[in-house]
Amino acid sequence: MDSSESPTETKKTKSKTPRKPKETVLKQKSPAEFFAENKNIAGFDNPGKSLYTTVRELVENSLDSAESISELPVVEITIEEINKSKFNSMIGLIDCERVDEELYDDYETEKAREKRLAKEARAQEIQAKNAALGKKVKETPASKGIKGRGEASFYRVICKDNGKGMPHDDIPNMFGRVLSGTKYGLKQTRGKFGLGAKMALIWSKMSTGLPIEISSSMRNQSYMSFCRLDIDIHKNIPHVHVHEKRENKERWHGAEIQVVIEGNWTTYRSKILHYMRQMAVITPYAQFLFKFVSDAPDKNVTIRFSRRTDVMPPVPLETKHHPSSVDLLLIKRLITETLKQNLLQFLQHEFVNISKSYAERLIGEMGPDFSPKMALKSLTPQQLVRIHQLFRQAKFDDPNGHCLSPAGEYNLRLGIIKELHPDMVATYSGSAQVFEGHPFIVEAGVSIGGKNVKQGLNIFRFANRIPLLFEQGADVVTRTALKRINWSSYKINQLQDKIGIFVSIVSTKIPFKGTGKEYIGDDITEIASAVKYSIQQCCSQLKSKIVKKMQAREQQERKRNLNKYIPDATGAVYNVLKDMAETQLHASKKFRYGVDDVELLRKVSENLITKETLSEKLAKHVEQVDYEMALEYATQSGVSEEPRETIYIQPLETDNKIIDLHSPFFVFRMFR
């Protein structure tokens, strides 16, 4: 009995009791921690993209800083390659020899090595046979060793500018605290997230552990601030290593930032250089010096993008919200932050395009519970919803574009000419338009031919004066250029001509799509229509130039063909006239010539008319016929007037009084 029961008792003792679920603990992440875990949102997807984004953020910060004090930007960007031994010495790590080779990811067995070498030998043998037979031989790629996952490449990125500089006490928080900055008002800004160099510091913390170094000085400041810091990602606060004032003998103003990060120059070299080239197009008033420094001299790169003009766009102005662009949450925040006490003052002073009389009409429409003098603090949640509903339904004047700062048609044209050297270029700057209560301006340029331009459509996109290099296919500019423009109607060959399309959009709110904010969607009708119209205006200008060029080319061809036969025709006519002059002396009365003919033949016989005389007369006749044919061609082609060239004359001083003298072909501006 006891023995039979023992097995069941044993099973019972071995059975596991169910685990109690752990109590969930509420956790909170700092902004720095969030962006560190989701770094792809800010453009730090991989080492190569991280190097590109770091360069971009530093360059754009430098431009903003210089433009804020109306200083012509001078930006120097240097990428220095750091080898493994140098990096280890920087962090105080001693190089060690490998002990267990098989432990490493790049380990290759003897058998695998023999197999690889045999494969390479066969490829070389095949190439030698093809070369002997005269066939085209592809270059054999150089044999590469297996690169392990742990073999990272490190770079020191240095950016120096002549901008505003930073206040000494603000530097730690400006670099070591995420989502703190000076660009969070409602205005046109270059940045996409407001992270700037902070994300580069986070990436440096994640990939190398090394701090960032900042040197800065403001105008007329006798000292220079130096700060070495990193960031406490979990607390979102700066960890300052050194923060001191140093002597500034040269009275330099601006900022110099150094950061060491993991990157990949090889894969993103072209992207970084394209970015610098496009930045030089959209900011021809800036001077850029780009350097890549390596231990291998053949890899070094130095490119200078010279300044072409001293004309800078105006500084973007901060503006107030348009009533049709606000949501309920924003209304609540504005009420919390405003210094106004009553509803009438709030509507009149916190929004654009609401006058006092219109504010009173709006309050009257809200209902009997509202009055102009009612205190903002007394507004209930239901009343806030009513205000929001009326904002969405009421009619408001569109905001103007005075707060925006486009590159300008003059600067865009100069930038295209400076960097591409095209055969022809046309530019257009549209007036301010509105989408969802936000003003925007579209500028466009179209060029034909040029240096380093491929056949077909070459699209250059800019948003708030910064280049967009990724996710081009879904962008409104790309889709418009490919699908909505009939290039052949403008005498442009979409496949064979070298066409450059430049479109710059500026706004207080760029409607980016995707997490990386690298393209503008095609679903906003107002922007899509403005982009199409701007490109068409450029194409219309080019059509006149192209037709004139075609007309001149055909005119030269006709003239060449006619002039080719002038000597033969002159000789034949002169011989006939000579024979007629001889026979006229012995001709009978029946066959006498007319008075005019007799006079002509007399001049021929007396050598007053020679072959040379006839040749000159015939050449003049060719010129006259050619001119008449050119006019007829122009009429048939629909060209009613000569193409006009726009001539830009910039004033030396903005407050000069001017007099414009207008003519059918140009405007001459005189300064008094």
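K86 is partly exposed, with a relative accessible area of 34%, where buried means under 20% relative accessible area, exposed over 50% and partly exposed in between (1.4 Å probe, protein chains only). In this predicted model, K86 forms a salt bridge with E80, and their closest N and O atoms are 2.8 Å apart; a salt bridge is a side-chain nitrogen of Lys or Arg within 4 Å of a carboxyl oxygen of Asp or Glu. The model is predicted, and local features therefore need pLDDT of at least 70, side-chain atom pairs count only at pLDDT 80 or more, and totals for chains, interfaces and linings use all residues. Residues are numbered from 1 along each chain as its sequence is written, and side-chain values use heavy atoms, with hydrogens and water left out.

The protein chain contains 18 helices and 18 strands; helices (H or I, at least four residues) and strands (E, at least two) are DSSP runs, numbered from the N terminus. Of its 672 residues, 40% count as buried. The protein chain exposes about 39700 Å², of which carbon and sulfur atoms supply 51%; accessible areas come from the Shrake-Rupley method with a 1.4 Å probe, and for residues only the protein chains shown count as cover. Among contacts with a separation of 6 or more, 74% are accounted for by residues 24 or more positions apart, a contact being defined by heavy atoms within 4.5 Å.

Side chains of opposite charge can pair when their charged atoms come close. The structure holds 21 salt bridges. One of them joins R219 to E71, with the closest N and O atoms 2.5 Å apart. R219 lies in the loop between β3 (212-217) and β4 (223-232) and E71 in the loop between α3 (47-67) and β1 (74-82), so the pair ties together parts that are 148 residues apart in sequence. R219 is partly exposed at 43% relative accessible area, and E71 is partly exposed at 22%.

A further salt bridge is formed by R461 and D475, whose closest N and O atoms are 3.1 Å apart. Because R461 lies in strand β12 (residues 456-463) and D475 in the loop between β13 and α14, this pair ties together parts that are 14 residues apart in sequence. Both R461 and D475 are buried.

F305, in strand β8 (residues 301-305), counts as buried at 6% relative accessibility. Residues up to four places away in sequence being left out, F305 touches M276, R277, A280, A286, Q287, F288, K418 and E419. H438 belongs to strand β11 (residues 438-448) and is buried, with a relative accessible area of 7%. Apart from neighbours within four places in sequence, H438 is in contact with L186, S325, Q433, S507, T508 and K509.

Most residues other than glycine have a negative phi. R251, in the loop between β5 (237-247) and β6 (254-263), has a positive phi near 55 degrees and is not a glycine. E471 also is not a glycine and has a positive phi of about 50 degrees. E471 is found in the loop between β13 (466-468) and α14 (476-484) and counts as partly exposed at 43% relative accessibility.
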